[in-house]
Amino acid sequence: MSINAFTGARKALVAAVAVAAVLGSVTTVGQVQAATTTAAVTSAAVSTQLTNRTNGEWLNGVLRSAGGFAVPATAANKAAFVVGASVKFADGQVRKITKGYVVGSDISVFTEGAALDGNKVGYPNVVATVAAGSAPAPSTPSATTGVSAGINSFTNTDWLNGIWRKSAGFSIPATAANKAAFVKGASVKMSDGQVRNVVAVYLSGANMSVMLDGATLDGNKVGAPQAAVAVGADTGSGSQAPAPSPSTPSTGISYSSAINNFTNSDWLNGVWRKSAGFSVPATDAAKSAFVKGARVTLADGQVRNVVAVYLSGANMSVMLDGATLDAAKVGYPNKLAAGTSSGANTPSTPAPAPSTPGTGQVLASSAINNFTNTDWLNGVWRKSAGFSIPATSANQAAFKSGAMVEAADGQVRKITAVYVVGGNMSVMLEGAALNGSTVGYPKTVAVVSGTTSGGSTGGTGGSTGGSTGGSTGGSTGGSTGGSTGDTGSTPAPTPTPTPTPGNPATGGQPITLVGVNLAGAEFGHHVILPGVYNKHYTYPTEANFKKYADLKMNLVRLPFRWERLQPKLNTELNAAELSRMLQTLDYAKKYNVKVILDMHNYYRYYDKLIATSEVPIASFADTWKRIAQKVVNHPAVYAYGLMNEPYSTNGYWPQAAMAAAKAIRSVDANRWIFVAGDRYSSAYHWEAYNPKLATDAWMRDPKNNLVYEAHMYIDKDFSGSFADRNAVYDPNVGVQRVKPFVEWLKKNGLRGHLGEHGIPDFSPSAVVATDNLLTYLRQNCVSSTYWAGGPWWGEYALSLDVSSGKHRPQLPMLQKQAAASHSCTSIGPLR
């Protein structure tokens, strides 16, 4: 739980900063203080990207409360961004630096004037110092000099971090400022100090390819996230012949198709009239290229994102974001091209899916079963179009013959037959075989329209003993109830699921949604760490695990302190502490309890922040790799909880979380990884304080088995202290406080867990609010762990284990919720 209540944004400059150095001085001071001298203004222009930091104090690396910004503390930046220097921002403003402080791996730079707009000038924009005593040379009238542009971040066979692989060139956004500055004949300075001349410029949609003289550039050195600066005109005689135009670099073009030629009340020249979409022949190449998330370049140069794909006989309808298209400009006989999503920025407001040919409305969804053998790949049938899902009553009601289903890659297909085989059901579709690597486990599949053709129940193959649709010899799969829906001409696959031990999949069985924190190993943080075992801290006992297993709350979050398990960074784990943890896991195994290992450190190690020189991100990742190596084969380990309640992380938590998660994945490919949120993981404040936590594609990929963890307390200040004993709580306060987090999960197609929630024993209204909260979470397949149980709690009002053994009014409600039936076979909501 929170170690103190969050009461608002902290001051921009705080005495708690351990070390800060005033730029322009050789003095290192113990706390932040005003600069007392004015350093000489830098004599050469230096450009750098702002730090990617957003929290209560910062927005995209720009200070919210005063004129200030943060940049990496490189040697070049420390020499350039000094008191008295002038800096130019992305919106064209030029300001003078008044103060500068080195804080960890960044420089906080303060300027004259009012607070800057982080949305306009912040990350991923760049800021540049303006050379002293000189104005930009006007030797090339058509070029605007001193303009800095962040290089586009995309990589494919032609590009590496926005750098052209085949000859010297790079890609940047085609803004008005960039088009005016990066012109043929201008000189460009790269981040490694090279100065080259522009020999050609190619506009491609929202981006522009700038070709240079000389040898090819090194994308690892000068590519994204670095910037290029237009520094003046070419003063040399003659220039190199223009480089060949890159093959539409901004979209990564991989396939071109003609639009279908048909016009009726819904279509004009193959372009959908009601929203953005078009029709092309459903060739194998087209189906591979025009997938959900791909980018499409139209005949008029527009680049749009594919939001849905619907197969209809020999054709396919491809729906795009944005407004309806102009059929006269882009329709038949024009062509269009599909590429990757690695080019220009994605439009922020995708258009809704059309009412036809598909509804786009999700009526039901299910996780695909996790088994692979000669017939199946990640729960997808290898021989024809089909997949396997748990045969829950909800799935049998939704996945019927004639219904339309949407796979993870955006394809929409019609169900042709359904076969119930034991506890699973095989759902067969029209069209070619699906790609199990793309749409199989751990992806989900959704019913997006109701039954469109009358499918009978229990047709051929539905008799006892089974014919078509039963397994060989009429065994499992030919049981009473047989198949559901049309049998068609496709024989029912006979699955032989073999789930991998330790995988989060439950083999189609409902997961545990209600659990408990068993605290103790994280106690004693107020003493000098690591502390003394059984004096300052302890571990849960065997009796604790037996109690909650008997109560059907067999999911335990186990807090521990990093400093005890690894007293010194980048060294082996402490053998004694590791043995205590492993003994605790053995207790859990004995009673079939699954454990979330929770590093209960608040983004700190010995009170030093992660992502500083004292505690590098690499060391944090290294620790988790070492932990995973020790427990990877223990059957009680359910998940790795990267960090309890990070707060005041200076925007580095997303980077640190991904590094640690990838380190674990190098050892353990299967178990869940729980990723907490900034601002003490507050569910209510989640979206405001975690705008970049899941922006990286790796952090959004369902294959990586990531679960996002929030915390929520219903008292007035969200802290869990429940200081007001007379407070009466609204029955839906818990639902309302956790809803922003759950809606964020749904919007982003992610999984979630409520790692902490708890209520005091003196508030009946709090019991009602928590009962409603857990019902809401169950409806969304979001699991939770109550705070708290375990030894050493004394008479703590929130605890389920107190010294006196008196009645705990929270417990009957939790038992009821733990026993409630549900059809969640995996952590959700993933919508």
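Where in the chain's secondary structure is Ser 187 placed? Ser 187 belongs to strand β15, which covers residues 186–189. Before the other views, two notes on reading them. This is a predicted model, in which local features need pLDDT of at least 70, side-chain atom pairs count only at pLDDT 80 or more, and totals for chains, interfaces and linings use all residues. Residues are numbered from 1 along each chain as its sequence is written, and side-chain values use heavy atoms, with hydrogens and water left out.

**View 1. The whole chain, for orientation.**
The secondary structure comes to 18 helices and 45 strands; helices (H or I, at least four residues) and strands (E, at least two) are DSSP runs, numbered from the N terminus. Of the 831 residues, 55% count as buried. Here buried means under 20% relative accessible area, exposed over 50%, and partly exposed in between, with a 1.4 Å probe and protein chains only. Contact means heavy atoms within 4.5 Å. Among contacts in the chain with a separation of 6 or more, 71% are between residues 24 or more positions apart.

**View 2. Ser 187 and its partner Asn 197.**
Back in strand β15, Ser 187 has a relative accessible area of 8% and is therefore buried. Its side chain makes a polar contact with the side chain of Asn 197, at 3.1 Å. A polar contact is a pair of N or O atoms within 3.5 Å; within protein, one must be able to donate a hydrogen and the other to accept it, and residues adjacent in sequence count only if both atoms are side-chain atoms.

**View 3. Thr 51 and its surroundings.**
Look for Thr 51 in the loop between β3 (47–49) and β4 (58–59). With a relative accessible area of 5%, Thr 51 is buried. Leaving aside neighbours within four places in sequence, Thr 51 is in contact with residues including Asn 60, Val 71, Tyr 123 and Tyr 652. Thr 51 and Tyr 652 are 601 residues apart in sequence, yet their C-alpha atoms are 9.4 Å apart in space. The side chain of Thr 51 also makes a polar contact with the side chain of Asp 106, at 3.4 Å.

**View 4. Two nonpolar cores.**
A nonpolar core is a set of buried Ala, Val, Leu, Ile, Met, Phe, Trp, Tyr and Cys residues joined through side-chain atoms within 4.5 Å. The largest one has 108 residues, of which Leu 597, Phe 620, Trp 624, Leu 642 and Tyr 708 touch the most other members. Not counting residues up to four places away in sequence, Leu 597 touches Leu 558, Phe 560, Met 581 and Trp 624, among others. A second, separate core of 24 residues includes Tyr 255, Ala 294, Leu 298 and Leu 320.

Helix α16 (residues 733–748) packs with helix α17 (residues 764–779) at an angle of about 25 degrees, and their axes are 8 Å apart. Axes are lines fitted to C-alpha atoms, for helices over the stretch in contact, and angles run from 0 to 180 degrees between N-to-C directions. Angles under 35 degrees count as roughly parallel, over 145 as roughly antiparallel, 65 to 115 as roughly perpendicular and the rest as oblique. So α16 and α17 are roughly parallel to each other. Residues making this contact include Val 735, Val 738 and Val 742 of α16, and Leu 773 and Tyr 776 of α17.
On to the next pair: α17 and helix α18 (residues 810–819) pack at about 15 degrees, with axes 10 Å apart, and are therefore roughly parallel too. Among the residues that meet here are Val 767 and Leu 774 in α17, and Met 813 and Leu 814 in α18.

**View 5. Backbone details in four loops.**
Most residues other than glycine have a negative phi, and most peptide bonds are trans. The peptide bond from Tyr 332 to Pro 333 is cis, with omega near 10 degrees; Pro 333 lies in the loop between α6 (327–330) and β26 (335–339). Another cis peptide bond joins Leu 529 and Pro 530, with omega about 10 degrees. Asp 607, in the loop between β39 (604–605) and β40 (608–609), has a positive phi near 65 degrees. Ser 681 has a positive phi near 65 degrees and lies in the loop between β42 (672–676) and α14 (686–689). Are these residues buried or exposed? Asp 607 counts as exposed, at 69% relative accessibility, whereas Ser 681 is buried, at 0%.
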